[in-house]
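Reader: I am new to this structure and would like to go through it step by step. Please show it, and then I will ask my questions.

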Amino acid sequence: MIITNIEAVTKAKSRVYIDEQLAFVLYKGELYRYKIKKDEEISDETYREIIDEVLTKRAKIRCIYLLKSMDRTEYQLRTKLKQGGYPEEAINRAIDYVKNLHYIDDNRYAQYYIDGRTGSKSKQQIVQDLLRRGISKEQIQSIYEQKEPEDETEQIRKWVAKKRVDLETADPKEINRLYGFLMRKGFQASDISKVIRGREYD
């Protein structure tokens, strides 16, 4: 394995490329300690020591730090570690570490998120939020199936009140604007129609 490039990230840290591929990010002192120099060979033993003794430990600590401020999904943690230049092997070990400690649990995260956002967001918005956070459609669907069926018309009425629209006196243009707003919020057309027109959507 040949060190093909060393690229400064900050004054203290550098990206190290092995055989033209980004391998990891090390601090200046670590470059010196492991004799990491451009165009020189890195032994398997040194490579393994960097992964096992330096980067895996650092990735675990980074995970703990990130979880102190807020709960996160596995996908969110992986993304943060990748952005930090950690190699896949160190990331996998760090994720397994926090999973085994029950510090992350995607199913728990999704349940809490749904419980905390129901009433302020539409189901569709909540689902999209969770998908962006790496929760699978199957997990989300399973959680919703375990809950009581929701009638989102009450949420829609709250939004109508918040927008200060009088459905009895509003003109068609105002109704259309309100309808578009509620659709963008992720509410179903049939539920919007129940509230706005007082009947089932055809």
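Reader: How far apart do the end C-alpha atoms of residues 59-97 lie?
Author: The model is predicted. UniProt, in an unreviewed entry, places the feature "domain: RecX first three-helical" at residues 59-97. This span is 79% helix and 0% strand, and its end C-alpha atoms lie apart by 10 Å.

Reader: What is the distance between the end C-alpha atoms of residues 105-141?
Author: For residues 105-141, an unreviewed UniProt entry lists "domain: RecX second three-helical". The chain there is 73% helix and 0% strand. The end C-alpha atoms of this span are apart by 16 Å.

Reader: In what order do the elements of the protein run from the N terminus on?
Author: The protein has 10 helices and 3 strands. From the N terminus on, the order is β-β-β-α-α-α-α-α-α-α-α-α-α.

Reader: Why is the protein described as more spread out than a compact globule?
Author: The C-alpha trace spans about 80 × 35 × 30 Å along its principal axes. For 202 residues the globule rule gives 17 Å, and the protein is well over that value, so it is more spread out than a compact globule, with a radius of gyration of 25 Å.

Reader: What share of the 202 residues in the protein is buried?
Author: The protein exposes about 12800 Å², and carbon and sulfur atoms supply 46% of that area. A residue is counted as buried when its relative accessible area is under 20%. Of the 202 residues, the buried share is 38%.

Reader: Which residue of β2 stands opposite Ala8?
Author: Strand β1 (residues 3-8) runs antiparallel to β2, and 5 bridges join the two. They form a hairpin with 4 residues between them. Opposite Ala8, the residue in β2 is Ser14.

Reader: Which residue in β3 is the bridge partner of Tyr17?
Author: Strand β2 (residues 13-18) and strand β3 (residues 21-27) run antiparallel and are joined by 6 bridges. Their hairpin has 2 residues between the strands, and Asp19 in the turn has a positive phi of about 50 degrees. In β3, Tyr17 is bridged to Leu22.

Reader: Is Gln21 buried or exposed?
Author: Gln21 is found in strand β3. From Tyr109 it is 88 residues away in sequence and 34 Å away in space, C-alpha to C-alpha. The cut-off for exposed is over 50% relative accessible area. Gln21 has a relative accessibility of 55%, so it counts as exposed.

Reader: Which residues does Pro87 touch, not counting those up to four places away in sequence?
Author: Pro87 is found in the loop between α3 (74-83) and α4 (88-100). With 10% relative accessibility, Pro87 counts as buried. Its C-alpha atom is separated by 18 Å from that of Leu66, 21 residues apart along the chain. Leaving out residues up to four places away in sequence, Pro87 touches Ala23, Phe24, Ile51 and Leu55.

Reader: Which residues is Ser122 in contact with, leaving aside its neighbours within four places in sequence?
Author: Ser122 has its place in the loop between α5 (106-117) and α6 (123-132). Its relative accessible area is 0%, so Ser122 is buried. Apart from neighbours within four places in sequence, the contacts of Ser122 are Glu152, Gln155, Lys185, Gly186 and Phe187.

Technical notes:
Residues are numbered from 1 along each chain as its sequence is written. This is a predicted model: local features need pLDDT of at least 70, side-chain atom pairs count only at pLDDT 80 or more; totals for chains, interfaces and linings use all residues. Side-chain values use heavy atoms; hydrogens and water are left out. UniProt positions are given in the numbering used here, feature names are shortened, and annotations may be inferred rather than shown by experiment. The radius of gyration is taken over C-alpha atoms; the globule rule is 2.2 Å times the number of residues to the power 0.38. Buried means under 20% relative accessible area, exposed over 50%, partly exposed in between (1.4 Å probe, protein chains only). Accessible areas come from the Shrake-Rupley method with a 1.4 Å probe; for residues, only the protein chains shown count as cover. Two strands pair if DSSP finds at least two bridges between them. Contact means heavy atoms within 4.5 Å.
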